Amino acid sequence: MVVAQDRVSRHESPVVTASERKRAELVKRVDHIAATTPVFDIHTHLYDPAFRGLLLWGIDDLLTYHYLLAEAFRYLELSPEKFRSLSKARRADLIWEALFVRHSPISEACRGVLTTLNLLGLDVKKRDLPSLRRWFAGQNLEKHITRCLELARVEKICMTNSPFDDMERPVWEREFRRDERFVAALRIDPLLLDWPAAARRLAEWGYNVDGARLSGRAMGEVRRFLKDWTKRIEAQYLMVSLPPDFSFPNRTHCANLLEKAVLPCCREFGLPFALMLGVKRGVNPDLGLAGDGVGRSNLDALQNLCAGFPDNRFLATVLSRENQHELCVLARKFRNLHIFGCWWFTNVPVIAEEMTRMRLELLGLSVTAQQSDARVLDQLIYKWSHFREIMSRALADRYLDLSRTGWEPTAAEIQRDVRDLLGGAFQRFCRM
């Protein structure tokens, strides 16, 4: 009899308490809201479809993306020079073979390709690259853009736009009918990081900059250039990506231009200035974009900017994991600093989750949790799918902690909070 009772007890369903049911319902509600709330993707490398070939999409662009390229070269035996001489399709073949056929695609970049294909309804089990190519070749680009945005639940995309890009600039100069889903950000890396070369370009475009000498008149012409392009592209913000050793104040061209041209322009137009800190360009130049590295930044420069220019607003993201805590503390001290996203090498689940939890615990909801940084249209699908899961876990745990104090968030409050993290806080910061 005892044995029979033991056998029955082993097969009985465990008793679920009322508090456990309530916790499960809360997690389910957060998951649903996090998965379905529209996002303003505030930093990408995508383009309005009017830019035609600059808007990358499809399986070959997904596979030859520089994240996968860097990984593939840990296996490929041919030289980078030989690899670059091949057609895009052949390069994609080699990366597919190295990362998806001869090895399991467990890295985040590889998993992202598979998530994208799966959510587009494609069968990845067959490992059939020619079939995938045929499917993409049959897509209408306009409809494919809409489908990608709908699957990613992205309602607005901020591009990265440089007047120094010889392929991009002519499109802006001849004007075009803009897709309202795509907005612009004015990127000025060449201006701040290579003033002599930038001065030559400005002179070609009719700005009187006195050669490479930063005279008062030249500074005025730089401000005129920035104003012209801010208005032309209707920039949401100005931006630059800077190396780990960037310092401010300093006597460099970069610091001088930043103080006397860039920040005055931002104040005049009421726009934030975004600093993306910590990239080491060309650590392995043979790999092109895939050859950039990471270094720990000196955030004293950001502190000095926030303290020295209280009438300017600053957006910031940093590439090094070691800088993340210091950045959060800085944002607690300066209302004119808004931190955003898990950028580049930090956009892997183990680090992105750590960063998101840290930001929620230190800053609450006054951050932009993520930007996709997508260079290929289809990447929007996986980057937002993967991150929404991370954000949902982190938020649900914070709400569960609150529930233990007796505070229970409503569905409307959770919806509000998620909207803040997915672009609402950024839009409010821009209107400060």
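## Cavities, pockets and a helix crossing

The count comes to two cavities of 30 Å³ or more. The model is a predicted one. Rolling a probe the size of a water molecule over the atoms shows where empty space is left.

Start with the largest cavity. About 60 Å³ of space lies in it. Its lining is made by Glu108, Asn347, Val348, Pro349, Tyr382, Lys383, His386, Phe387 and Ile390. Which element gives the most to this lining? Helix 18, residues 379-403, does, with five residues. By class, the lining of the largest cavity divides into five nonpolar, two polar and two charged residues.

Now take the second largest cavity. About 40 Å³ of space lies there. Leu62, Tyr65, Tyr67, Leu68, Ala109, Val113, Gln379 and Tyr382 line the second largest cavity. The lining of the second largest cavity has seven nonpolar residues and one polar residue, with no charged residues.

Next come the pockets, which are open. The largest pocket has a volume of about 870 Å³. How many residues line the largest pocket? The lining holds 32 residues, and nearest the centre lie His45, Tyr47, Asp165, Leu289 and Arg375. Helix 4, helix 6 (88-101) and helix 11 (189-193) are the elements that give two or more residues to the lining of the largest pocket. The largest share comes from helix 4, with three residues. By class, the lining of the largest pocket has 16 nonpolar, six polar and 10 charged residues.

The second largest pocket has a volume of about 300 Å³. It is lined by 16 residues, and those closest to its centre are Tyr67, Ala109, Trp344, Phe345 and Val348. Helix 4, helix 7 and helix 18 each give two or more residues to the lining of the second largest pocket. Helix 4 gives the most, with four residues. The class count for the lining of the second largest pocket is nine nonpolar, three polar and four charged residues.

Finally, turn to a pair of helices. Helix 2 spans residues 18-36, and helix 19 spans residues 411-430. Their axes come within 10 Å and cross at roughly 40°. That angle makes helix 2 oblique to helix 19. Is the crossing of helix 2 and helix 19 left-handed or right-handed? The crossing is right-handed.

Which residues make the contact? From helix 2 come Leu26, Arg29, Val30, Ile33 and Ala34. From helix 19 come Ala411, Ile414, Gln415 and Val418. By class, the contact of helix 2 with helix 19 has seven nonpolar residues, one polar residue and one charged residue.

Key: Residues are numbered from 1 along each chain as its sequence is written. This is a predicted model: local features need pLDDT of at least 70, side-chain atom pairs count only at pLDDT 80 or more; totals for chains, interfaces and linings use all residues. Side-chain values use heavy atoms; hydrogens and water are left out. Axes are lines fitted to C-alpha atoms, for helices over the stretch in contact, and angles run from 0 to 180 degrees between N-to-C directions. Angles under 35 degrees count as roughly parallel, over 145 as roughly antiparallel, 65 to 115 as roughly perpendicular and the rest as oblique. A crossing is left-handed if the near helix is turned anticlockwise from the far one by less than a right angle, and right-handed if clockwise. Contact means heavy atoms within 4.5 Å. Ala, Val, Leu, Ile, Met, Phe, Trp, Tyr, Cys and Pro count as nonpolar, Asp, Glu, Lys and Arg as charged, and the others, Gly among them, as polar. On a 1 Å grid over the protein atoms alone, a cavity is a set of points where a 1.4 Å probe fits but cannot get out, and a pocket is an open set with protein on both sides within 12 Å along at least five of seven lines; lining residues have an atom within 4 Å of a point. Grid points are joined across faces, edges and corners, and a volume is the space filled by probe spheres set on the points.
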